[in-house]
Amino acid sequence: MTTPAYPPKPSPGDRVAVVSPSAGLPGLFPLPYELGLERLREVFGLEPVEYPATRKFGSTPRERAEDIHAAFADPDVKAVIASIGGDDQITVLPLLDRALIRANPKPFFGWSDNTNLLACLHRTGIVAYHGGSVMCELGRPGAMHPQTEESLRAALFTSGPYELRPAARWRDVDLDWADPATFGAEPATRPGTGWTWVGADRVVEGRGWGGCLEILGWLLMADREVPRDPAEFDGGVLFLETSEEMPSATEVFRTLRNMGERGLLRRFAALLMARPKTWSFERPHTPEESARHAAEQREAVLAAMRAYAPGTTIVFDVDFGHTDPQLVLPYGGLIRVDGPARRITVTY
């Protein structure tokens, strides 16, 4: 594997592909999707281009792979953005033409189940971008969160360093996408708590890798998109987030333990752990239950890291996961974690 390279960036006025590599949820929930397309046009000045499976719920892995190929092969399309995630993108991976994608490098934006494609692009030699889906970030009720908009704009259009900042206010309580009233008001948020640093006595700068912890676990089980030689991660920055399924602390620990047994955890010089999602329609936690879930997850992460990578710098509650706002991270790009200064800078 060669070191991933940054692809050319789009400019305002360019065409960008909108694809559904996981699930055609735009067909079920058109309100956040149409709002996201509108903001691509009006806020970012980009022209979205849809593909046959973008709104097709129940599309086959082959159909989704063909959309990805068409998006990367089209010379008039300058970036590719996922509509949303899902849970079976791993079935698309064997169908992808890596040579076609490698010959037509473009920025790809997605997260959650799109960890599959992010890891694939990393192996293909292309820096991609963790974050920025059409339905969740662009289609946010009320208005885009200012920090999300600023980070996404920088990742889309600029090249160079960008400093991440802790969210002043955040949320993880979802609203009903089928209800038009959802999109007419700003969602309720709560005060930010800042980042928590562990082992912050050093400065680390390395290539970023990771994504949704559950998806990485599936990739490890299927033995896909993970380098055979863990030394490829030496000195890098691992970043992990957990999904709206809210895995238990036990599951988080076991996944990290297995990564440790594979020799992965000790290779990274720093770990960024996203603020965990602690509320869902299936489990509408009280504030106390949410706080307990987050605390138990943190203890699970610390236990695994103490066992397998005790010297790693760790930063908890960075806003790049299933919570709002969401900061974009360069997948395969440079991330600088400055412990003494308590600063995180990414290179877009």
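A residue is called buried when its relative accessible area is under 20%, exposed when it is over 50%, and partly exposed in between (1.4 Å probe, protein chains only). The model examined here is predicted, so that local features need pLDDT of at least 70 and side-chain atom pairs count only at pLDDT 80 or more, while totals for chains, interfaces and linings use all residues. Residues are numbered from 1 along each chain as its sequence is written, and side-chain values use heavy atoms, with hydrogens and water left out.

Side chains of opposite charge can pair when their charged atoms come close. The structure contains 21 salt bridges, each defined as a side-chain nitrogen of Lys or Arg within 4 Å of a carboxyl oxygen of Asp or Glu. In one of these, E225 pairs with R98, with 2.9 Å between the closest N and O atoms. Because E225 lies in the loop between α7 (213-222) and β11 (237-241) and R98 in helix α3 (residues 98-103), this pair ties together parts that are 127 residues apart in sequence; helices (H or I, at least four residues) and strands (E, at least two) are DSSP runs, numbered from the N terminus. E225 is buried, at 10% relative accessibility, whereas R98 is partly exposed, at 25%.

A salt bridge also joins R343 and E163, at 2.7 Å from N to O. Since R343 belongs to strand β16 (residues 343-347) and E163 to strand β6 (residues 161-164), the pair ties together parts that are 180 residues apart in sequence. R343 is partly exposed, with a relative accessibility of 41%, and E163 is likewise partly exposed, at 33%.
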